[in-house]
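Okay, thanks for coming, everyone. Let me put the model up, and then I'll walk you through a few strands and some charged pairs.

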Amino acid sequence: MSRLTILMPVYNGEDFLHETIESVLNQTYSDFLFLIINDGSKDKTKEIIKNYADKRIIYHENETNLGLVASLNKGINMVETEFMARIDADDLWVQNKLEKQINLLDSHPDIGICGTSIKKFGAFEGTFIFPTENETLKAGFLFYCMMSHPSVIFRMSFLKETGLRYRPDFYPAEDYKMWVDALLHTQIYNIPEVLVYYRQHDNQITQETNILQKTKTNEIKVELLRRIYPNVTEEELSFHLNSFIPLDFKSISDYKKSKNWTNKIITKNNETQYIKPEILKKELSRYLQIGLKGYLLKKYFEKISIINYFKYICSFDWIHLSAKKNFKLFFKTILK
C-alpha cells in the first residue's frame with residue numbers, strides 16, 4: 001500500500017495543469033496516490049486530467065464549486081495513507097522533492113509537517129529560504145507566514161488524532177492558521193532547499209482579497225502574541241500590529257520604542273515559556289536590526305558617498321546598528 005497521498009484541488013486550472021501534473025508524476029519517489037479534486041471547473045480541467053492513464057491518479061469531482069478550504073478538508077477526510085502532500089494546480093516540484101521530505105520524516109518521527117524553501121516565478125520573482133527548526137519557526141510566525149502551502153507534507157496521524165482541519169473562517173490565510181494551530185500539537189520543519197517553484201500571477205490576489213488576507217493574518221499574529229503575553233492590552237496590540245511588525249521607522253525614537261516592546265515580549269515569554277527564550281531573543285533582535293538598517297539606509301545612504309557616511313558617523317545613529325552591519329556599510333562606502 002502506498003504511504004503517501006498527494007492532494008490537489010483544482011478549479012478552472014487548464015492553463016498550467018498539465019505542467020503541474022507532470023512535475024508530480026515524474027518524482028523520484030513514485031509510490032504515491034494522486035488525489036485530484038475537480039471543484040466544479042467550467043474549462044478543460046476535467047479533460048486534461050482524464051487524458052492521463054496513470055493508475056496513481058484518483059479523480060474526484062465536486063457536484064458544485066465548494067471552494068478551496070472545503071475541498072481541502074474533504075480531501076483530508078478521504079486520505080488513508082501515512083502521509084499527505086499538498087500542491088496547487090499551477091505550481092511545480094523539483095524532481096526529488098518528495099524523496100527528500102519522506103526521508104526527513106522517516107528519520108524524525110516527532111515532525112508532523114515538513115515544508116521546503118521555494119522560488120517564486122512568473123509575474124513576481126524571488127527565492128525564499130525559510131527557517132528550518134520548530135522553535136525558530138514559532139518565533140518567525142510572529143512576523144509573517146514562514147511555510148509555503150504547496151511545499152508541505154503532513155504526517156496524517158496527528159491530523160487524525162487532533163481533528164485539525166483548515167479553518168474556512170480564516171480564508172485566504174487558512175494555511176497560515178493551519179501551521180499556527182499545528183504548533184500546539186506537533187513539530188514542524190522546513191528543508192532549506194528550493195524544492196518548489198511557486199507560480200505568481202498578475203491577478204492572483206485582488207485588492208479585496210488582499211485586504212481580507214491582511215485582516216486574517218493580523219488575527220493570527222494576535223493569537224500568537226497572546227500565547228506569549230495572554231494579558232496584552234488593546235493599546236499594545238495596536239502598537240504591535242501597526243508599528244512594530246511593519247518596522248517602518250521614521251526616527252531612532254521609533255526604533256527605541258520597538259526595542260522596548262521586544263524587551264517586554266521577551267520578559268513575558270520568560271514567564272510563559274512558549275518559545276525557547278534564547279531563540280526568541282535572537283529572532284526579535286534580528287528582526288529589529290532589519291528595520292533599523294532599512295531606516296538608516298533610507299536616511300543616510302539613498303546615495304552612497306563618503307560625505308553621507310561622515311554624516312552618518314556624526315549622527316551617532318550607528319551605535320544602535322550591529323558591528324557586522326556597520327562594517328558592511330563602511331566597506332560598501334569605501335568601495336564606492
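So, to start: which residue is the bridge partner of Ile111 in E9? It's Gln187. Before I go on, the ground rules: this is a predicted model, where local features need pLDDT of at least 70 and side-chain atom pairs count only at pLDDT 80 or more, while totals for chains, interfaces and linings use all residues. Residues are numbered from 1 along each chain as its sequence is written, and side-chain values use heavy atoms, with hydrogens and water left out.

Back to the strands. E6, residues 111-122, runs parallel to E9, residues 187-200, with 11 bridges. E6 also pairs with E7, residues 126-128, this time antiparallel and over 3 bridges. A hairpin of 3 residues takes you from E6 to E7, and Lys119 has Thr127 in E7 as its bridge partner. Then there's E8, residues 153-155, antiparallel to E6 over 2 bridges. There, Ile113 is partnered with Phe154.

Let's stay on Phe154, which sits in E8. Is Phe154 buried or exposed? Phe154 is buried, because its relative accessible area is 0%, and buried means under 20% (exposed is over 50%, partly exposed in between, with a 1.4 Å probe and protein chains only). What does Phe154 touch, leaving aside neighbours within four places in sequence? Its contacts (heavy atoms within 4.5 Å) include Phe83, Arg86, Ile113, Tyr166 and Trp179.

Arg86 takes us to the charges. A salt bridge here is a side-chain nitrogen of Lys or Arg within 4 Å of a carboxyl oxygen of Asp or Glu, and the whole structure has 18 of them. Arg86 makes one with Asp88, at 2.6 Å from N to O, and Arg86 counts as buried because its relative accessibility is 0%.

Compare Arg167 and Asp169, bridged at 2.8 Å, N to O. Arg167 is partly exposed at 32%, and Asp169 is partly exposed too, at 38%.

Last pair: Asp248 and Lys250, with their closest N and O atoms 2.5 Å apart. Asp248 is partly exposed at 49%, whereas Lys250 counts as exposed at 57%. And there's a network as well: Lys177, Asp181, Glu223 and Arg227 are joined through salt bridges that share partners.

That's my bit, over to you.

Definitions and conventions
Pairing = 2+ DSSP bridges. Helix = DSSP H or I, 4+ residues; strand = E, 2+ residues; numbered from the N terminus.
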